[in-house]
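Keep the structure open while you read and find each residue as it comes up.

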Amino acid sequence: MSPPTPRLRRALLVLAAVPAALLCALAPLPAAADAPADTAPAADTAPAATAAPADWTARPAGGGADRDARPYVYLEGTPGTALQDRLAVTNSGRAPLTVRLRGDGRAGAWIGFAADTVTVPARTRAEVPFALTVPPDAVPGDASGEVVADDGDEEIRVPVRVRIGGPTLAALTVEDVEISGGTIRYALVNRGNAMLEPRLAVRADGMFGTLLDRPERPLPLELAPGRRVERTEPWPDAPALDAVTVRLRVTAPGGARDEAEASATYIPVAPAVGGGLLVLGGLALLGSGAYRRRRTRRGDPEPPGAEQPGVEPPGAEQPGAEQPGAESADDRQPTTETRPLVKAGPLVKAGAES
């Protein structure tokens with residue numbers, strides 16, 4: 001029986017590998033209960049306790065039925081005024097709680113507490129007064145910040161919003177628009193003195209029509225005065241070959257509006273590389289052909305009589321010109337004419353006879 005051919009051997013290997021792959025795919029994964037006993041959590045540990053919520057809270061203080069129901073602190077005032085409010089700290093644990101208080105952000109820097117460190121007994125709720133003083137040179141509009149309560153292990157942040165009286169200006173710009181593959185990058189800047197909730201519309205036009213048209217929609221952010229935010233807009237179905245112009249339009253309540261655009265050219269990588277290689281190959285062929293023609297011209301024999309003015313024909317010697325390889329006059333030794341004695345002998349004999 002003749003040995004199997006290479007093609008037959010490859011077919012047999014494939015047929016043998018397919019059942020093995022199916023068995024591996026269908027094999028059941030080991031159950032969690034089969035894990036070694038030493039990997040199970042110890043009885044004295046309590047993993048659920050670490051995932052449980054904190055046994056204390058901090059939030060804006062309230063009265064009546066809606067006690068501590070405010071999601072953030074909201075204050076209104078004119079520049080130079082002091083605004084009052086309270087923070088409620090509730091300790092639902094079985095041990096006393098000590099927290100440290102501070103302000104963060106623009107409006108948080110204006111906050112002063114009655115006490116920066118507060119100790120709350122077990123199962124007790126305490127209210128901490130604080131004052132927010134609006135700077136005399138504050139720009140009318142909205143400002144934001146946070147009250148931070150920290151017990152050493154974790155912290156709770158309570159938002160603070162301040163409306164500063166006076167004329168407000170809503171101004172918004174979209175800047176630094178860039179197109180990178182399937183992503184559109186841009187930046188939003190609040191140029192006014194009011195808190196803004198921007199909305200965005202995107203449109204992209206190519207050589208043969210509109211490629212992308214997303215209507216105006218709200219963005220999930222609040223832009224404080226003077227704040228700059230860099231964002232991205234996905235474009236998963238960007239063209240493979242086209243020249244496009246992307247336009248972004250942003251708006252916000254209060255009359256804020258701005259537009260910006262950017263252009264990009266999409267070229268497939270493989271055709272571009274192939275075209276470049278073809279161009280280089282064509283240039284190389286042209287250069288090689290021109291070199292061959294030049295060498296052929298130089299090697300052609302010139303027709304008789306076609307001497308150029310001022311050019312001596314091959315082999316012609318110019319007076320006074322030294323030929324390559326010839327010796328100079330100074331290098332040559334004086335020469336004397338010598339003849340064989342057999343020729344000189346008869347001449348001497350004839351003279352003697354005469």
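**Notes on the predicted model**

1. Let's start with Asp85, which counts as buried because its relative accessibility is 12%, and the cut-off for buried is under 20%. Keep in mind that we're looking at a predicted model here.

2. Where does Asp85 lie? You'll find Asp85 in strand 3. Its side chain makes a polar contact of 3.0 Å with the side chain of Arg70. If you skip the neighbours within four places in sequence, Asp85 is in contact with Arg70, Val73, Leu75, Val128, Pro129 and Phe130.

3. Now follow strand 3 itself. Strand 3 (residues 82-91) pairs with strand 7 (residues 124-133) over 10 bridges, in the antiparallel sense. To see one of these pairings, pick Gln84: its bridge partner in strand 7 is Ala131.

4. What is the order of its 4 strands? The order is 1-3-7-5, the pairing is antiparallel, and the sheet is open.

5. Next, take a look at Thr98 in strand 4 (residues 97-104). Is Thr98 buried or partly exposed? Thr98 has a relative accessible area of 35%, so Thr98 is partly exposed. The side chains of Thr98 and Thr119 are joined by a polar contact of 3.1 Å. Leaving out residues up to four places away in sequence, Thr98 touches Thr117, Val118, Thr119, Asp150 and Asp151.

6. Now for the nonpolar cores. How many residues does the largest nonpolar core have? That core has 30 residues, and the ones with the most contacts inside it are Trp56, Val89, Leu101, Leu132 and Val162. Strand 9 (residues 155-164) supplies the largest share of this core, 5 residues. Another core, of 28 residues, lies apart from it, with Ile179, Leu196, Val229 and Val250 among them.

7. Last, click on Val89, one of the residues with the most contacts inside the largest nonpolar core. Not counting residues up to four places away in sequence, Val89 touches Trp56, Thr57, Ala58, Leu97, Val99, Val120, Thr124, Arg125 and Ala126.

Terms used: Residues numbered from 1 in each chain as written. Predicted model: local features only at pLDDT ≥ 70, side-chain atom pairs only at ≥ 80, totals over all residues. Heavy atoms only, no water. Pairing = 2+ DSSP bridges. Helix = DSSP H or I, 4+ residues; strand = E, 2+ residues; numbered from the N terminus. Buried < 20%, exposed > 50% of the residue type's maximum accessible area, 1.4 Å probe, protein only. Polar contact = N/O pair within 3.5 Å; in protein donor to acceptor, adjacent residues only side chain to side chain. Contact = heavy atoms within 4.5 Å. Core = buried A, V, L, I, M, F, W, Y, C linked by side-chain atoms within 4.5 Å.
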